[in-house]
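Good morning, colleagues. Please take a moment to look at the structure on the screen, and I shall then describe it piece by piece.

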Amino acid sequence: MKAIVLIDGTKGERLPIKPAFGSACNGCGWCCASEACGVAREHIPDQPAGGPCQALEHDAGRFVCGMIRRPSHYMRLPNDWADGVLGDMIANALGAGRGCDADDPEATGAVS
Ligand code: SF4
Ligand code: SF4
């Protein structure tokens with residue numbers, strides 16, 4: 001599997017290995033560290049077109065989506081009162097909880 005860019009916050013912790021496409025998401029972070037999704041590219045002002053997502057957060061041994069947890073922080077909104085509603089909308093748009101939707105690296109030829 002191709003190496004992913006290291007992200008601050010892991011404190012050197014060993015990360016989960018990406019499961020097969022369609023399996024339950026284990027928070028390995030491979031998808032979002034490889035390439036930011038459309039939500040990130042459209043709504044995070046300083047998100048580079050390529051590279052890891054600026055909103056990828058590490059907590060309790062797994063990566064989580066910061067745009068679901070606290071979208072106002074990443075969208076640079078003046079307050080966080082809408083975080084719950086926005087986070088739910090983003091989670092729904094992303095298909096959170098529906099299993100790993102990232103292609104397996106072997107299937108994409110991204111194996112080093
Ligand atoms: S969707 Fe897949 S690649 Fe992305 S964090 Fe979950 S298990 Fe990892
Ligand atoms: S916005 Fe969330 S789902 Fe999209 S790339 Fe960033 S962390 Fe991943």
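Leaving aside residues up to four places away in sequence, A40 touches Q47, C53, Q54, A55 and M67. Please note that this is a predicted model, and that everything I describe is computed from it.

A40 also belongs to the largest nonpolar core, which has 14 residues. Together with C32, C53, A55, L56 and M67, A40 is one of the residues that touch the most other members of that core. Which elements give two or more residues to this core? They are α2, β2, which covers residues 62-65, and α3. As general background, nonpolar side chains in soluble globular proteins tend to be buried together.

I turn now to the ligands. A40 is again present in the shell around ligand 2, where the other residues are C32, A36, C37, V39, C53, A55, L56, C65, G66, M67 and L94. Helix α2, residues 38-43, and helix α3, residues 66-69, each supply at least two residues of this shell. How does the shell around ligand 2 divide by class? There are 11 nonpolar residues, one polar and no charged.

Ligand 1 is surrounded by 13 residues, and the closest are C25, C28, C31, C100 and A102. By class, the shell around ligand 1 has eight nonpolar, three polar and two charged residues.

Next, the strands. Strand β1, residues 56-59, runs antiparallel to β2, and four bridges join the two. Along β2 the side chains alternate.

Helix α5 deserves a brief word. This helix spans residues 83-94, and its 12 residues reach 16 Å from the first C-alpha to the last, close to the 16 Å expected. After α5 comes G95, whose phi is positive, near 75 degrees.

Finally, the protein as a whole. It contains six helices and two strands, and from the N terminus on the elements run α-α-β-β-α-α-α-α. Of its 112 residues, 19% count as buried. Among contacts between residues at least 6 apart in sequence, 49% join residues at least 24 apart.

Thank you for your attention.

Notes
Residues are numbered from 1 along each chain as its sequence is written. Chains are lettered from A and ligands numbered from 1 in the order in which they are written. This is a predicted model: local features need pLDDT of at least 70, side-chain atom pairs count only at pLDDT 80 or more; totals for chains, interfaces and linings use all residues. The expected span of a helix is 1.5 Å times one less than its number of residues. A residue is near a molecule or strand if its C-beta atom, placed from the backbone, lies within 6 Å of it. Ala, Val, Leu, Ile, Met, Phe, Trp, Tyr, Cys and Pro count as nonpolar, Asp, Glu, Lys and Arg as charged, and the others, Gly among them, as polar. A nonpolar core is a set of buried Ala, Val, Leu, Ile, Met, Phe, Trp, Tyr and Cys residues joined through C-beta atoms within 7 Å. A residue is buried if 20 or more other C-beta atoms lie within 10 Å of its own, exposed if 12 or fewer, and partly exposed in between; C-beta atoms are placed from the backbone. Two residues are in contact if their C-beta atoms, placed from the backbone, lie within 7 Å. Two strands pair if DSSP finds at least two bridges between them.
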